Amino acid sequence: MNDSTTAARPVVLDVWCELQCPDCRSALVDLRALRERYGDRLELRLRHFPLEKHKHAFAAAQAAEEAAEQGTTWPYVEAVLERTDELAAKGEPFLLEVARELGLDADEFDTALIDGRHILIVDADQAEGKAIGVTGTPTYVIDGERLDGGKSQEGLRARIEEIADRLLAGSGSHS
């Protein structure tokens with residue numbers, strides 16, 4: 001099948017994120033605006049980059065993977081990021097609490113955190129992030145360009161929109 005619907009693949013924006021990071025919480029405004037503007041033409045892909053200074057970030061990354069497995073990646077990520085202080089104070093019980101609030105299987109989250117079934121994904125993301133020069137969060141990668149939001153998020157959304165618009169404009173003309 002080679003009609004126009006299969007030709008227009010979404011533009012991918014990798015979002016290197018850490019769920020205990022205040023800068024990532026601030027970035028929610030930009031992520032929501034991008035989702036609103038582009039809908040399914042822009043695929044926001046969560047990539048994990050837990051930082052050692054945040055002791056619950058690694059568990060939170062695993063919990064986000066469990067949320068993905070249960071079909072609720074971004075609602076879960078946003079709910080945790082909205083309350084980074086609670087994550088810092090309560091740790092893993094808070095991750096289960098958020099799962100319950102969203103109607104997810106919290107027992108499965110608990111089991112996933114105990115058996116470590118998502119550790120390899122988190123480790124692989126972190127290794128890839130380090131390999132491409134990610135040093136903090138949030139960091140965005142779109143069309144091979146790395147945009148570091150950990151230092152400043154000023155102007156980043158405009159830059160992402162500029163690249164996405166260019167890619168989307170060109171997506172119909174070549175295969």
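These legends walk through several close-up views of one predicted model.

In this predicted model, local features need pLDDT of at least 70 and side-chain atom pairs count only at pLDDT 80 or more, while totals for chains, interfaces and linings use all residues. Residues are numbered from 1 along each chain as its sequence is written, and side-chain values use heavy atoms, with hydrogens and water left out.

View 1. Helices (H or I, at least four residues) and strands (E, at least two) are DSSP runs, numbered from the N terminus.

**View 2. Strand β1 runs parallel to β2, residues 42-48.** Seven bridges join these two strands, and two strands pair if DSSP finds at least two bridges between them. Look for C17, whose bridge partner in β2 is H48. To get from β1 to β2, the chain passes through helix α2 (residues 22-38), making a right-handed β-α-β crossover. Right-handed here means that, with the strands pointing away from the viewer, the path from the first strand over the helix to the second runs clockwise.

**View 3. Strand β1 also joins β3, residues 139-142.** This time the strands run antiparallel, with four bridges between them. Here W16 has T139 of β3 as its bridge partner.

**View 4. Four strands form an open sheet.** Their order is β2-β1-β3-β4, and the pairing is mixed. At the edges are β2 and β4 (145-148), each of which pairs on one side only. From one strand to the next, the twist averages 20°. Helix α4 (residues 73-81) packs on the sheet and touches β1 and β2, with its direction at about 55° to that of β2. Contact means heavy atoms within 4.5 Å; axes are lines fitted to C-alpha atoms, for helices over the stretch in contact, and angles run from 0 to 180 degrees between N-to-C directions.

**View 5. A cis peptide bond joins T137 and P138.** Its omega is about -5°. You will find P138 in the loop between α8 (119-131) and β3.

**View 6. D143 sits in the loop between β3 and β4.** Phi of D143 is near 50°, a positive value in a residue other than glycine. D143 counts as partly exposed because its relative accessibility is 46%.

Notes
Buried means under 20% relative accessible area, exposed over 50%, partly exposed in between (1.4 Å probe, protein chains only).
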